[in-house]
Amino acid sequence: MELPQGFITRMQQMLGAEYQEFLKSYDEPRQFGLRVNTLKISPQEFETIAPFPITPVAWVPNGYFYREEDMPSRHPFYFAGLYYLQEPSAMTPASRLPVEKGDRVLDLCAAPGGKATELGALTGGEGLLVANEISTSRAKALLKNIELMGIENAFITNEKPGNLSRCFEAYFDKILVDAPCSGEGMFRKEPEVAAVWDESRPAYFAKLQRDILDNAVKMLKPGGLMLYSTCTFSGEENEGSISRLLAEHQDMSLMDIEPYEGFSKGNPAWGDGNAQLEKCVRIWPHRMRGEGHFMALLKKDGTLQKNSDCKNGGGCQSFRGMEKSRRQLLETFCRKVNAERFTAGIDVRGDKVYKVPEFQREVKGLRFLRNGLYLGDLKKNRFEPQQPFAMALRPEEFESVIMLPAEDERVERYLKGETISVEAGECGQENGWKLVCVERFSLGWGKLVNGVLKNKYLCAWRKN
């Protein structure tokens with residue numbers, strides 16, 4: 001492929017004797033990867049049901065290579081949220097931030113959701129995931145991916161980092177900053193990025209990164225961890241940005257990152273010469289089966305204090321306080337649900353019902369697309385469950401399920417929004433709301449009337 005001359009000159013200087021090997025990597029085909037959603041299935045289980053050949057990504061425990069021609073985005077398991085399609089190197093940052101259940105986690109630059117969905121899976125539905133994206137259009141894509149993966153404890157915001165830091169000062173246990181960058185590491189994957197690159201872009205993005213990182217440090221608890229990543233080779237945006245952060249925030253220090261034999265050390269010469277910059281990690285396309293990436297793991301001085309938030313991200317309120325008739329509609333439906341976590345932290349806004357996380361912070365005034373899990377709508381005489389609720393449920397958690405094999409032609413028809421027929425005995429009750437599943441994984445809702453399932457699959461998600 002044709003590379004910008006200014007980029008070529010700099011890479012020759014950076015890599016020296018390795019440059020020719022690096023250049024040859026652009027003649028190699030790009031790698032395709034998927035990351036298994038561990039909220040729904042373990043990597044080992046997925047290997048036994050994978051409908052196409054997969055090969056493990058050695059440095060990510062739930063990552064796999066796949067062949068481009070297998071088109072996993074067309075398979076029903078994709079619509080069930082069993083995996084997220086992600087470039088193999090891009091899987092690495094979330095895997096190197098040690099998120100635990102109950103953590104308060106922030107993904108500050110989250111769209112389209114590749115890293116945020118993994119962080120959400122690592123929380124296990126407990127604690128809080130704040131996924132932020134400043135671009136409104138990209139935030140909508142982020143929302144869809146969060147909901148597709150069945151993540152229940154997310155607050156999806158559409159804000160500038162400075163506005164978030166005013167609400168969440170010293171609040172998060174773990175923060176991931178996958179910063180906007182010049183994208184040099186993606187030239188092979190996305191040649192159009194190379195076409196618009198010029199020598200001013202690293203300095204432009206380094207300035208953006210400075211503001212983002214300063215606000216991220218404000219939001220990190222004492223003792224908390226922050227992982228910074230980019231998909232560029234520029235020293236100015238990588239070691240340079242980390243060097244400046246360390247100089248201006250004396251309470252931050254670099255930590256070692258879980259190693260892999262293909263990882264390369266950071267280069268102090270591309271920062272301020274601080275030998276600690278060797279703790280940063282670079283992924284080079286001529287050394288690993290992936291595109292270019294950079295990572296740095298940092299810790300804020302102090303001891304991390306345990307959170308006092310309610311478990312499962314839920315508040316401590318139930319249906320109490322709701323108007324009696326509306327409460328009865330919701331309670332009637334929830335008796336079909338065998339999962340107590342959906343009856344805590346209920347918030348009704350107008351006719352819409354949500355299960356919300358507990359913040360213990362004032363967040364009024366923040367722009368957001370979703371607070372918690374969208375359960376459904378209260379109508380005049382009924383409660384209608386919505387798509388995100390279905391994606392968070394497991395088949396054993398709902399009283400009436402239609403379980404279809406992946407190869408059943410009705411699965412394809414359902415995903416296209418068509419009505420489907422249901423044989424007697426295929427589900428527990430003859431009429432009413434059904435959780436439609438492929439194999440043992442939820443796809444969405446349907447309403448059965450005399451053997452015909454009225455399709456309630458979300459219109460915007462329907463398969464073309």
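## Cavity and pocket

On a 1 Å grid over the protein atoms alone, a cavity is a set of points where a 1.4 Å probe fits but cannot get out, while a pocket is an open set with protein on both sides within 12 Å along at least five of seven lines; lining residues have an atom within 4 Å of a point. Grid points are joined across faces, edges and corners, and a volume is the space filled by probe spheres set on the points. This is a predicted model, in which local features need pLDDT of at least 70 and side-chain atom pairs count only at pLDDT 80 or more, whereas totals for chains, interfaces and linings use all residues. Residues are numbered from 1 along each chain as its sequence is written, and side-chain values use heavy atoms, with hydrogens and water left out.

The count is one cavity of 30 Å³ or more. The largest cavity has a volume of about 40 Å³. Its lining consists of Ser25, Tyr26, Gly185, Phe187, Arg188, Phe233, Pro285, Glu291 and Gly292.

The largest pocket holds about 1,200 Å³ of space. Its lining counts 49 residues. Ala111, Pro112, Arg138, Asp178 and Cys231 lie nearest the centre. Helices and strands here are DSSP runs, numbered from the N terminus (helices H or I, at least four residues; strands E, at least two). At least two lining residues come from each of β4 (83–85), α6, α7 (136–148), α8 (161–167) and α10 (201–219). Helix α10 gives the most, with six residues.

## Annotated binding site

UniProt positions are given in the numbering used here, feature names are shortened, and annotations may be inferred rather than shown by experiment. The unreviewed UniProt entry annotates a "binding site" at Cys109, Ala110, Ala111, Pro112, Gly113, Gly114, Lys115, Glu133 and Asp178. These residues span 70 residues in sequence, yet no two of their C-alpha atoms are more than 12.7 Å apart, so they gather at one spot. The lining of the largest pocket includes Cys109, Ala110, Ala111, Pro112, Gly113, Gly114, Lys115, Glu133 and Asp178.

Cys109 sits in the loop between β5 (104–107) and α6 (114–123). Cys109 is buried, at a relative accessible area of 15%. Buried means under 20% relative accessible area, exposed over 50%, and partly exposed in between (1.4 Å probe, protein chains only). Contact means heavy atoms within 4.5 Å. Leaving aside neighbours within four places in sequence, Cys109 contacts Asn132, Glu133, Val177, Asp178, Ala179, Pro180 and Ile212.

Ala110 belongs to the loop between β5 and α6. Ala110 is buried, with a relative accessible area of 4%. Not counting residues up to four places away in sequence, Ala110 touches Ala116, Ala131, Asn132, Glu133 and Leu142.

## Helix α6

Nine of the 10 residues of α6 are buried, so the helix is largely enclosed by the rest of the structure. The buried residues are Gly114, Lys115, Ala116, Thr117, Glu118, Leu119, Gly120, Ala121 and Thr123. Gly124 follows α6, with a positive phi near 65°.

In the unreviewed UniProt entry, the annotation "domain: SAM-dependent MTase RsmB/NOP-type" covers residues 22–301. The end C-alpha atoms of residues 22–301 lie 38 Å apart. The span is 30% helix and 22% strand.

Glu248 is in helix α11 (residues 239–248). Glu248 is partly exposed, at a relative accessible area of 40%. Glu248 touches Arg210 and Asp214, not counting residues up to four places away in sequence.

## The four-stranded sheet

Strands of a sheet pair through backbone hydrogen bonds, either parallel or antiparallel. Two strands pair if DSSP finds at least two bridges between them. Four strands form an open, antiparallel sheet in the order β14-β15-β17-β18. Its edge strands, β14 (346–349) and β18 (383–385), each pair on one side only. The twist averages 30° from one strand to the next.

Strands β14 and β15 (residues 352–355) pair over four antiparallel bridges. Asp347 stands opposite Tyr354, and Val348 has Val353 as its bridge partner. The β14 and β15 hairpin has two residues between the strands, and Gly350 takes a positive phi near 65°. Four bridges also join β15 to β17, again antiparallel. There, Lys355 has Leu373 as its bridge partner.

Helix α12 (residues 324–334) lies across β14, β15, β17 (373–378) and β18. The helix runs at about 45° to β18. Axes are lines fitted to C-alpha atoms, for helices over the stretch in contact, and angles run from 0 to 180 degrees between N-to-C directions.
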